[in-house]
Amino acid sequence: MITSAILQLAASQYGVLSRRQLIDDLDVSPSAYSRWRGRGVIVEVVPGVVRIASSPEDFMMRCMAVQLCVGEVGFLSGWTAGALVGLRSMRRQVIHMTVPTRVDRTLPAWADMHRSRWYDESDRTTRPDGLVVATPMRMLWGLAATCNQHRFDRAAEDAWHLGLITPAIAWDYLDVHRCRGKDGVARLQGWLEDAMGRDRATQSNLERVLLEALARRGLPTPVRQHPLHLAHGGVIHLDIAWPELSLGVEPGASWHHGGDLGQRRDQDRDRACAERGWLIVRFDESMRDDPDSAAAQVARIYRRRRSEHRNVRD
């Protein structure tokens, strides 16, 4: 009989329980365990871990199932850790777990257990729901070793925006661990070479997409997150700017801005910038469909702005 204690523990673990928990902690006999499995009352998810048949098999459930299978060691890492801390566009199809080399488990195709000689207890942290996850820097190192530069840069910027890391923290971590993996080192250092010159994270993926399109147009490299002091004493940061022309570009993104209220704030910002003689070019999410056209328009505005400034000087 499935007791309330069993249901409560399963509910606290996204619907899954280990065989050890059922038999050792909840006094379920081995024969009852086998009988429940045979009747479909509980369903095996990974070896030694089952879910209550009525519980959905989703991402969080699989994370907990892999963790219970591994036991007291290991941490959810890479793409999985990124998804759990709120980074965007993290793959959820495969659950990534890092364990010491001594650990050996048989897992289904949707779980990837990385056995590593580089295993330190300080690289893991336990969430309130019991999931054990890589620290932000260990998570980013794992992503640096598996992502291309573009995907990694986006993940690192998101982690910075969420307050999980700073470039200074990342640089210190790199200095200590740069011998750990050539690919990870190269990508992490590539991001840091740009990020160390800024005091704020890139605010959206649209910003990165537009920057790449602007580079293809041959425009001079703009300043990113340029601080602009307003007439009333406040300071704002422009996503993309050419300060010598008082020209700024703001690619919008729903992840960072909030509906009508956000649009009104943007309009207030643009007027405040105009008081300082700045022209702000703003794009919404539709720019994603054709960033090259947006970049071409910015290039035309840039050339006209440069011509106007030259005429003023002459």
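Two aromatic rings of Phe, Tyr or Trp, the last taken by its six-membered ring, are called a pair if their centres lie within 6.5 Å. In this predicted model, the structure holds six such aromatic pairs.

**View 1. The ring pair of tryptophan 141 and tyrosine 173.** A pair of aromatic rings is described by the distance of the centres and the angle of the planes. Here the ring centres of tryptophan 141 and tyrosine 173 are 6.1 Å apart and the planes stand at 65°, and because planes over 60 degrees apart count as edge-to-face, this pair is edge-to-face. Tryptophan 141 belongs to helix H6 and tyrosine 173 to helix H8 (residues 167–177), so the pair ties together parts that are 32 residues apart in sequence.

**View 2. The surroundings of the two rings, with the aromatic cluster of Trp118, Trp141 and Tyr173.** These three residues, Trp118, Trp141 and Tyr173, form one cluster. Buried means under 20% relative accessible area, so tryptophan 141, at 5% relative accessibility, counts as buried, and tyrosine 173, at 13%, counts as buried too.

**View 3. The crossing of helix H5 (residues 78–85) and helix H6 (residues 136–146).** The axes of H5 and H6 come within 8 Å and cross at roughly 130°, and the two helices are therefore oblique to each other. In this crossing, which is left-handed, H5 passes H6. On the side of H5 the contact is made by Gly78, Trp79, Ala81, Gly82 and Val85, while H6 contributes Met139, Leu143 and Thr146. Sorted by class, the contact of H5 with H6 has five nonpolar and three polar residues, but no charged residues.

How values were computed. Residues numbered from 1 in each chain as written. Predicted model: local features only at pLDDT ≥ 70, side-chain atom pairs only at ≥ 80, totals over all residues. Heavy atoms only, no water. Axes fitted to C-alpha atoms, helices over the stretch in contact; angles between N-to-C directions. Helix = DSSP H or I, 4+ residues; strand = E, 2+ residues; numbered from the N terminus. Parallel < 35°, antiparallel > 145°, perpendicular 65-115°, else oblique. Left-handed = near helix turned anticlockwise from the far one by under 90°. Contact = heavy atoms within 4.5 Å. Nonpolar A, V, L, I, M, F, W, Y, C, P; charged D, E, K, R; others polar. Phe/Tyr/Trp six-rings, centres within 6.5 Å; stacked < 30°, edge-to-face > 60°. Buried < 20%, exposed > 50% of the residue type's maximum accessible area, 1.4 Å probe, protein only.
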